Amino acid sequence: MRQVGDMKLYSFEELLDEDYGPIGTPERDEFERDVDEAVQAYRVGEAIKQARKAQRLTQAQLGEKMGVQRAQVCRLESGKSITLTSMMRAFRALGVQVALDMKGIGRVAL
């Protein structure tokens, strides 16, 4: 914490420590895992969106190719409701080859 005039300024790390505990505690580890999962889901969603736009497809058109509604494509692209199955389905519909690097298993091509 740093005092600037009448204000107390806290670093982001200090706020995390206060809310979730220091690094290495179960609560903080769970928070860090959740954040990492959300970031990865966002990246997958962005990859789907970029591939769709590169092919000049609308969300509705991709949904039709996948056999889902446009709303589901929208959720995928925003990083919500991403499962391995839905991700594979989207990339297959787009004709995009994907390789996953799975810890402990190795690289898997989809």
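**Reading a surface patch and an overall fold**

Leu15 is part of helix H1, which covers residues 12-20. This is a predicted model in which local features need pLDDT of at least 70 and side-chain atom pairs count only at pLDDT 80 or more, while totals for chains, interfaces and linings use all residues. Residues are numbered from 1 along each chain as its sequence is written, and side-chain values use heavy atoms, with hydrogens and water left out.

Me: Does Leu15 count as buried, partly exposed or exposed, and why?
Reply: Buried means under 20% relative accessible area, exposed means over 50%, and partly exposed lies in between (1.4 Å probe, protein chains only). Leu15 counts as partly exposed because its relative accessibility is 37%. Across the protein chain, 25% of the 110 residues count as buried.

Me: Which residues make the nonpolar surface patch?
Reply: A patch takes residues with over 30% relative accessible area and no salt bridge, and nonpolar side chains (Val, Leu, Ile, Met, Phe, Trp, Tyr) are joined within 5 Å. Here Met1, Tyr10 and Leu15 make a patch of about 290 Å².

Me: In what order do the elements of the protein chain run?
Reply: Helices (H or I, at least four residues) and strands (E, at least two) are DSSP runs, numbered from the N terminus. The order in the protein chain is β-β-α-α-α-α-α-β-β. Its radius of gyration, taken over C-alpha atoms, is 19 Å, well over the 13 Å that the globule rule gives for 110 residues, so the chain is more spread out than a compact globule. That rule is 2.2 Å times the number of residues to the power 0.38.

Methods
Patches are made of residues with over 30% relative accessible area and no salt bridge: like charges are joined within 9 Å, nonpolar side chains (Val, Leu, Ile, Met, Phe, Trp, Tyr) within 5 Å. Accessible areas come from the Shrake-Rupley method with a 1.4 Å probe; for residues, only the protein chains shown count as cover. A salt bridge is a side-chain nitrogen of Lys or Arg within 4 Å of a carboxyl oxygen of Asp or Glu.
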